[in-house]
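The following exercises concern the structure shown below.

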Amino acid sequence: MRVAMIGTGYVGLVSGACFADFGHEVVCVDKDAAKIEALERGEIPIYEPGLDVLVNGNRFAGRLSFSTDLGPAVRGADVVFIAVGTPSRRGDGHADLSYVFAAAEEVADAMSGYTLVVNKSTVPVGTGDKVEELIRARKPQADFDVASNPEFLREGSAIEDFKRPDRVVVGTGSERAKELMNQLYRPLFLNETPILFTARRTAEVIKYAANAFLATKISFINEIADLCEKVDADVQAVAKGIGLDKRIGGKFLHAGPGYGGSCFPKDTLALLRTAEETGASLSIVEAASSSNAERKKRMAEKIIAACGGDVKGQTLAVLGVTFKPNTDDMRDAPSLDIIPALQKAGAHIRAYDPEGMEEAAPLLPGTEWMKDENEAMKGADALIILTEWNQFRALDLGHLHESLRKPVIVDLRNIYTREEMKKAGLAYHSVGRAP
Ligand code: UGA
């Protein structure tokens, strides 16, 4: 099949490369000429494990190409995906749909013959209807369907998530569209991935409801972590104890500094705006979202308390600044709340992140960027772990003890046990486990 993927951001590029890897012929389109030129040279604009090999392998095989020219890509395609950004609109938290609508208009102008237009961007319920109206108004005689196909990829494991998803959701009432989507995802039938066809609006709600539920799960365990600290219980054991109940499930129950990233914070806000407009009450999502925002702010106080109540003049070594490991993405990362608050309290921050320092440097002024974890910790007053990159999971604790001026570790991702830290003579502060 021939696929046009509009938007070479995170979702568009990963999805385009994976569809090409399924054997389809994919053209990825973007207005950003510099980005397209870089992709044509084999340079990948984001850090995502395995993506360079996937893109370049399929590029050499002739199944994946890049273009700034939407017209020919759309005219030649059986399926056109819209995978452009939907950032939070400044001020009101609504998803900004201007890129989606602009892409839809361009698709309308270019389409000839039957075209299936599929929305992959995260869009509020009803956007598919608007895209359909827009195309119809622009080209009344056009033969097309508009479907919704939300993505459930996680940064850092996006390729695996695309190729082995728990499910594929497609919102459409058209039999022709269903047939095409079945063909497109055919390789997944081998591993028996369920493909769930729903009404278009339902698919749009599924995407937001999934993210809101996961965000709620994280806020829930984070609040339980606070309780555990007060009553001297261990949140990790609690998570395991409740997660073994299949009705609850053990995933997304890791307590930490609060969720960040380009999706949960933005999507929960957008869902809340939709609820407000329609008069629905989403008080649980509201609570999850505000609990998370407050938590991120509170983490600096936790660190300061662990450092003896005052960090003025102290040098703190921070490991990890991205919102999660295996990405260079800094969007809504907890570090963006925590580091400035520590600096405001008078601390000097030395930080190291395996992939995120280039993105982070302009966002975190005054931070001293180090070449590795050893350089960061040398002579520091305390070590703070903000992101659980694998390489931070096996630090030489003896060396750590020698390197630090004071043996204080604040681990906001619980990647060490209290026992091993105690044995190494380190004062260890973690999340949801009393020191
Ligand atoms: C999330 C969803 O997991 C994907 O299914 C969805 O497709 C994506 O948003 C999206 O809408 O595009 P992502 O933001 O890449 O994916 O990353 P997650 O692994 O979900 O992590 C989000 C945040 O929650 C991170 O800051 C992470 O550290 C935090 N988190 C996650 C926890 O604090 N505890 C957990 O147990 C899990």
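**Exercise 1: A helix pair**

Task: Describe how the axes of helix H12 and helix H13 cross, and state which residues meet.

Solution. In this predicted model, helix H12 (residues 264-278) and helix H13 (residues 283-306) have axes that come within 10 Å and cross at roughly 145 degrees. The handedness of the H12 and H13 crossing is left-handed. On the H12 side the contact involves Thr268, Leu269, Leu271 and Leu272, which meet Val285, Glu286, Ala288 and Ser289 of H13. Sorted by class, this contact has 5 nonpolar, 2 polar and 1 charged residues.

**Exercise 2: Domains**

Task: State how the protein chain is divided into domains, and characterise the contact of domain 2 with domain 3.

Solution. The division gives domain 1 (2-198), domain 2 (208-289) and domain 3 (298-429). The centres of domain 2 and domain 3, taken over C-alpha atoms, are separated by 24 Å. In the contact, 9 residues of domain 2 touch 13 residues of domain 3. On the domain 2 side, the residues divide into 3 nonpolar, 6 polar and no charged.

**Exercise 3: Strands and their partners**

Task: Determine which way the residues of strand E7 point and how E7 pairs with strand E8.

Solution. Begin with strand E7 (residues 168-171): Val168 and Val170 point one way, Val169 and Gly171 the other way, and all are buried. In a regular strand, side chains alternate between the two faces of the sheet. Next, E7 pairs with strand E8 (residues 195-198) in the parallel sense over 4 bridges. Within this pairing, Leu196 of E8 is the bridge partner of Val169.

Task: Give the strand order of the open sheet of 6 strands, and explain which strands stand at the edges.

Solution. The order is E11-E10-E9-E12-E13-E14, with parallel pairing. Strand E11 (368-369) and strand E14 (427-429) each have a single partner strand, so one side of each is left without a neighbour in the sheet. For E14, 3 bridges join it in parallel to strand E13 (residues 408-411); Tyr428 in E14 is the bridge partner of Ile409.

Key
Residues are numbered from 1 along each chain as its sequence is written. This is a predicted model: local features need pLDDT of at least 70, side-chain atom pairs count only at pLDDT 80 or more; totals for chains, interfaces and linings use all residues. A residue is buried if 20 or more other C-beta atoms lie within 10 Å of its own, exposed if 12 or fewer, and partly exposed in between; C-beta atoms are placed from the backbone. Helices (H or I, at least four residues) and strands (E, at least two) are DSSP runs, numbered from the N terminus. Two strands pair if DSSP finds at least two bridges between them. Axes are lines fitted to C-alpha atoms, for helices over the stretch in contact, and angles run from 0 to 180 degrees between N-to-C directions. A crossing is left-handed if the near helix is turned anticlockwise from the far one by less than a right angle, and right-handed if clockwise. Two residues are in contact if their C-beta atoms, placed from the backbone, lie within 7 Å. Ala, Val, Leu, Ile, Met, Phe, Trp, Tyr, Cys and Pro count as nonpolar, Asp, Glu, Lys and Arg as charged, and the others, Gly among them, as polar. Domain bounds come from an automatic or database domain assignment.
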